[in-house]
Amino acid sequence: MKILVTGGAGFIGGNFVHYMVEKYPEDMIVNLDALTYAGNLETCKSVEDANNYKFVKGDIANRDFIFNLFEEEKFDVVINFAAESHVDRSIEDPGIFVQTNVMGTTTLLDACVKYGITRYHQVSTDEVYGDLPLDRPDLFFTEETPLHTSSPYSSSKASADLFVLSYHRTFGLPVSVSRCSNNYGPYHFPEKLIPLMISRALADGSLPVYGNGENVRDWLHVYDHCVAIDLIVRKGRVGEVYNVGGHNERTNLEVVQTILKALDKPESLITYVQDRKGHDMRYAIDPEKLENELGWVPKYNFDTGIQQTIQWYLDNKDWWQNILSGDYQNYFETMYKEKGRV
Ligand code: NAD
Ligand code: TDX
């Protein structure tokens, strides 16, 4: 099979590329990424020379480019991770979220309709369901929970989901959608809560906690998300949505305190800062459909996964320090252009 993975130089897409290249040597994995500020080819360094892997630089919203690529490559499966993914950035500049997350998705869908595929999978988020109140721990997001978005980011992702599902009903495209809770693990870009706090704590910098730190997120190790997507693409029913989450709810403050304790840093580094506009209170996924239908069982719980992740950041300082210094943006020029690979 030839599988197009978009956004494979990002956090989750990058972990997925590693997982797929190693697990399926008989499949060809084509990683298409625009290398925005969030794309880092160093994330894919260890698979760069694998026979079943190829990198292509390009924008999923560039129609001519995408149609030419599909014509040339004749993909069997398309898995769309490519997105603008940071809520705070969507509050500053919503337009690029519409462009990439909505227009990019519909461009891929149109190419799939024209050239034919056996599965299009959309990597979505639990944020499309909005949030849950803190005083109702009995409530969880199911696949039937109405879409009720809070931020430009989540609105663009919900919109993309609706297009994906409509292409199934209208054009008969074999699609699936996964909606996952917050991921953590290796190669997480250091603008997001966990890697930001690890990198700042190691530098003895202040740790900016929004509001009072009571907001709750449901954390899933990125490896377990990759396994879930692979299962859904291969065995999930077409036209269906699957929620992905492992019942690991923590307040932001608990997460930050865990990081400080593991790094032996004082809690005095915590600084409460102005809250995020429209800040969602609590996310919590009910993953029963995925567990019962496809037998998905997460490997990590948060307590072990976060320690492994903190250790990864200690062992891979070059990776995130290159990002903080901006050096990672030269990687494509050095490794691809200068070597004549593109
Ligand atoms: P990320 O920001 O780390 O990576 C996004 C990648 O997409 C980057 O490599 C970037 O260069 C690429 N990209 C952006 N615009 C592009 C374009 N126009 N064309 C081609 N490539 C483009 O994001 P992530 O955290 O890895 O998230 C991946 C997907 O998973 C997103 O769709 C996101 O909505 C979804 N998701 C993320 C989480 C999470 O906790 N991070 C949870 C659930 C779902
Ligand atoms: O500096 C910070 N301080 C802080 O208190 C940052 C960056 C975040 N926070 C809070 C906001 C959230 O309540 O931490 C929580 C997590 O924030 P993010 O890491 O920005 O993630 P979140 O907004 O929950 O969204 C993430 O999960 C769902 C991903 O970025 C999305 O792409 C995914 O869809």
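Visitor: How many nonpolar, polar and charged residues are in the shell around ligand 2?
Guide: In this predicted model, local features need pLDDT of at least 70, side-chain atom pairs count only at pLDDT 80 or more, and totals for chains, interfaces and linings use all residues. Residues are numbered from 1 along each chain as written, chains are lettered from A and ligands numbered from 1 in the order written, and side-chain values use heavy atoms, without hydrogens and water. Ala, Val, Leu, Ile, Met, Phe, Trp, Tyr, Cys and Pro count as nonpolar, Asp, Glu, Lys and Arg as charged, and the others, Gly among them, as polar. By these classes the shell around ligand 2 holds 9 nonpolar, 6 polar and 5 charged residues.

Visitor: How far is the side chain of Y153 from an oxygen atom of ligand 2?
Guide: Y153 is one of the closest of the 20 residues that surround ligand 2, where near means a heavy atom within 4 Å. The contact pairs an oxygen atom of ligand 2 with an N or O atom in the side chain of Y153, at 2.5 Å.

Visitor: How much of ligand 2 does the protein bury?
Guide: The side chain of E127 has an N or O atom 2.7 Å from an oxygen atom of ligand 2. Taken alone, ligand 2 exposes 650 Å², by the Shrake-Rupley method with a 1.4 Å probe. The protein buries 93% of that.

Visitor: Which element gives the most residues to the shell around ligand 1?
Guide: Helices (H or I, at least four residues) and strands (E, at least two) are DSSP runs, numbered from the N terminus. Helix 1 (11–23), strand 5 (119–125) and helix 5 (152–171) each supply at least two residues of the shell around ligand 1. With 3 residues, the top contributor is strand 5.

Visitor: How far apart in sequence are the parts that R234 and D27 tie together?
Guide: R234 and D27 form a salt bridge, their closest N and O atoms being 3.1 Å apart; the term means a side-chain nitrogen of Lys or Arg within 4 Å of a carboxyl oxygen of Asp or Glu. R234 lies in helix 7 and D27 in the loop between helix 1 and strand 2, so the parts tied together are separated in sequence by 207 residues.

Visitor: Is D27 buried or exposed?
Guide: Buried means under 20% relative accessible area, exposed over 50%, and partly exposed in between (1.4 Å probe, protein chains only). With a relative accessible area of 6%, D27 is buried.

Note on methods: Polar contact = N/O pair within 3.5 Å; in protein donor to acceptor, adjacent residues only side chain to side chain.
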